[in-house]
Amino acid sequence: MKKTLGMTISELRKKQGMTQLDLANLMGVTDKAVSKWERDLSCPDINSFPHLAQVLHVSFDELLQVKTQPKVKEKKKVNEIVNVALRGVALAMGIAVAVLSILGETDSKTAFIMLGIGLASLSVSALQEKGEK
């Protein structure tokens, strides 16, 4: 389960040994406002986030739970999908040339173009894999 902003504020406040009223006084808001933040019914004003992070003794990124790792994982998944698609194109071109040649439905020029597309796809896939290592 992903931690919400409210859960994070509550956890950090408690870690500092503060009550909602303590945090509210430091932030210049009411304890009802802090309660709403922690229950994800509202959010602090965007301009108050740096001060909130300071009061809770965390960085701005920690407060907002900024993580770069999921983006890396997402990029890796996209690269894997592209790689499979490129290999699929190469395989499809090879099969198409074989079938069309057997049926006598293609000429040499078209067959070479299709095989060239397949080889280009395999080359791009290989370069992509080499770049990931």
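A residue is called buried when its relative accessible area is under 20%, exposed when it is over 50%, and partly exposed in between, with a 1.4 Å probe and protein chains only. The structure is a predicted model, in which local features need pLDDT of at least 70 and side-chain atom pairs count only at pLDDT 80 or more, while totals for chains, interfaces and linings use all residues. Residues are numbered from 1 along each chain as its sequence is written, and side-chain values use heavy atoms, with hydrogens and water left out.

Asp-40 is located in the loop between α3 and α4 and is partly exposed, at a relative accessible area of 39%. His-57 belongs to the loop between α4 and α5 and counts as exposed, with 59% relative accessibility. Helices here are DSSP runs (H or I, at least four residues), numbered from the N terminus.

Helix α1 spans residues 5-15, and its buried residues are Leu-5, Gly-6, Thr-8, Ile-9, Ser-10, Leu-12 and Arg-13. An α-helix has 3.6 residues a turn, so residues three or four places apart point the same way. The cover over the buried residues of α1 includes α2 (20-27), α3 (31-38), α4 (49-55) and α5 (60-63), where contact means heavy atoms within 4.5 Å. After α1 comes Gly-17, with a positive phi near 75°.

The structure contains 1 aromatic pair. The ring centres of Phe-49 and Phe-60 are 6.4 Å apart and the planes stand at 80°, so the pair is edge-to-face. Rings of Phe, Tyr and Trp (its six-membered ring) pair if their centres lie within 6.5 Å; planes under 30 degrees apart count as stacked, over 60 as edge-to-face and the rest as tilted. Phe-49 lies in helix α4 and Phe-60 in helix α5, 11 residues apart, and the pair thus links distant parts of the chain. Phe-49 is buried, at 6% relative accessible area, whereas Phe-60 is partly exposed, at 37%.

Helix α6 (residues 69-103) includes Leu-103, which is exposed at 57% relative accessibility. Gly-104 is placed in the loop between α6 and α7 (108-132) and is also exposed, at 57%. The C-alpha atoms of Gly-104 and Gln-128 are separated by 35 Å, with the two residues 24 apart along the chain.

Terms used
Helix = DSSP H or I, 4+ residues; strand = E, 2+ residues; numbered from the N terminus.
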